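Here is a note for a colleague who is opening this structure for the first time. Please read it with the model on screen.

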Amino acid sequence: MNWTHILMAGYAGMAIAVVASLLRKKGWLSKGSAIVLVVVFIALWNVIDIKYLQGEKLAQTADEKFDATVQQIPAWKFIAEHDPALMAKLRAQVMVMMKEGANEQKVIDAIQPQILAVQMQRLQFAPDDLVVAEMRVMMEQAAEIQAKSDDACFRFQYPAVKGGINPVRFISPEMLKRRLDTEAAMLNASYGPNKHTVTAEERANAQRDVATVVQPMAQKYGQDLQLLDAPQNAIGKEKLVCDMLQQLWGDVLALPPQKAAAIVRLVLASEEQ
């Protein structure tokens with residue numbers, strides 16, 4: 001079993017989760033649909049080749065392979081350092097599933113929500129500039145794919161509709177490294193001396209600011225905006241869908257960093273917050 005593929009899959013799913021969360025907050029995407037989008041996006045990362053991680057050669061036993069791979073992937077290394085109890089739980093869960101003969105995708109589906117929850121939670125405490133950097137690099141990844149193929153961009157975002165792609169063919173090793181480095185900086189800063197504290201005033205301002213993004217898009221795209229929630233109806237409009245996703249987050253990131261970061265934190269906050 002390839003631990004690097006599994007752990008990377010549990011690590012890399014925030015981009016579509018952010019988009020889904022924003023749309024759901026505005027009433028355009030059901031909670032169930034958001035979960036589906038996260039799962040299908042995560043599955044793409046199971047095909048990332050280990051050579052792009054540039055880690056040392058893994059040990060031979062299953063336990064050693066798991067532990068060695070954790071040290072190569074920032075989000076997992078972060079959890080091991082800051083929440084050893086969760087890491088022990090995840091490790092035990094993976095080992096049990098492996099012994100029971102579970103395939104890689106079943107392991108991914110089991111651990112991914114727990115890793116994603118950590119990422120989203122720590123974004124609440126990351127400084128503004130690193131929250132913005134995190135979103136920017138994720139959308140640059142999507143743009144890099146779209147520059148090569150609108151159809152590939154659509155398949156990357158919605159693999160359940162037309163089938164996914166192998167992102168290694170479209171995303172450069174340099175871009176993947178930037179994504180990993182940016183994530184590591186964000187996670188570590190969320191525990192640093194300059195960590196952020198969300199206030200009620202910030203949330204109220206973000207709720208007002210997000211309207212400046214979504215309202216013009218609704219006027220510009222009309223019913224086509226619903227394609228982000230119903231991509232099965234977007235055949236022939238693949239470029240439009242990718243363009244809308246880029247505009248959505250491009251408009252957010254064009255705001256002053258304090259406002260952009262506040263919107264990202266808002267849409268990723270737990271429902272009860």
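**Notes on the model**

1. Start at aspartate 151. Neighbours within four places in sequence aside, aspartate 151 is in contact with Lys162 and Glu238. Please keep in mind throughout that this is a predicted model. Aspartate 151 sits in helix α9. Its side chain also makes a polar contact of 2.6 Å with the side chain of arginine 155. Is aspartate 151 buried or partly exposed? It is partly exposed, because its relative accessible area is 27% and buried would require under 20%.

2. Cysteine 242 belongs to a disulfide, and its partner is cysteine 153. The S to S distance is 2.2 Å. The structure holds one disulfide. In general terms, such a link is a covalent bond between the sulfur atoms of two cysteines.

3. The angle about the S-S bond is -120 degrees, and the link of cysteine 153 and cysteine 242 is left-handed. Cysteine 153 counts as buried because its relative accessibility is 3%. Cysteine 242 is buried too, with a relative accessible area of 1%.

4. Now follow α13 itself. Helix α13 has 16 residues. From first C-alpha to last, α13 reaches 23 Å, close to the 22 Å expected at 1.5 Å a residue. Its buried residues include Glu238, Cys242, Leu245 and Trp249. Val241 and Met244 of α13 are buried as well. Valine 241 has contacts beyond its neighbours within four places in sequence: Phe154, Tyr158, Leu227, Leu228 and Ala234.

5. Which residues have the most contacts inside the largest nonpolar core? They are Trp76, Ile145, Val241, Met244 and Trp249. This core has 70 residues. Its largest share, nine residues, comes from α8.

6. That makes α8 worth a look. Helix α8 covers residues 128-148, 21 residues in total. Its span is 31 Å from first C-alpha to last, close to the 30 Å expected at 1.5 Å a residue. Among the buried residues of α8 are Leu130, Val137, Met138 and Ile145.

7. Glutamine 119 is in helix α7 (residues 104-123), and glutamate 183 is in helix α11. Their side chains make a polar contact of 2.6 Å. Are these residues buried or exposed? Glutamine 119 counts as buried because its relative accessibility is 1%. Glutamate 183 counts as buried at 0%.

8. How many aromatic pairs are counted? The count comes to one. Phenylalanine 78 and tyrosine 191 form this pair, 5.5 Å centre to centre, with 40 degrees between the planes. The pair is tilted. It links distant parts of the chain, 113 residues apart. Phenylalanine 78 is in helix α5 (residues 74-82), and tyrosine 191 is in the loop between α11 and α12. Phenylalanine 78 is buried because its relative accessible area is 4%. Tyrosine 191, at 39% relative accessibility, counts as partly exposed.

9. The loop between α11 (173-189) and α12 (200-221) also holds asparagine 194. Asparagine 194 counts as exposed because its relative accessibility is 64%, and the cut-off for exposed is over 50%.

10. Last, the whole chain. What elements does the protein chain contain? There are 14 helices and zero strands. Of its 273 residues, 51% count as buried. Among the contacts with a separation of 6 or more, 77% are between residues 24 or more positions apart.

Definitions and conventions
Residues numbered from 1 in each chain as written. Predicted model: local features only at pLDDT ≥ 70, side-chain atom pairs only at ≥ 80, totals over all residues. Heavy atoms only, no water. Helix = DSSP H or I, 4+ residues; strand = E, 2+ residues; numbered from the N terminus. Expected span 1.5 Å × (residues − 1). Buried < 20%, exposed > 50% of the residue type's maximum accessible area, 1.4 Å probe, protein only. Disulfide = S-S within 2.5 Å. Polar contact = N/O pair within 3.5 Å; in protein donor to acceptor, adjacent residues only side chain to side chain. Core = buried A, V, L, I, M, F, W, Y, C linked by side-chain atoms within 4.5 Å. Contact = heavy atoms within 4.5 Å. Phe/Tyr/Trp six-rings, centres within 6.5 Å; stacked < 30°, edge-to-face > 60°.
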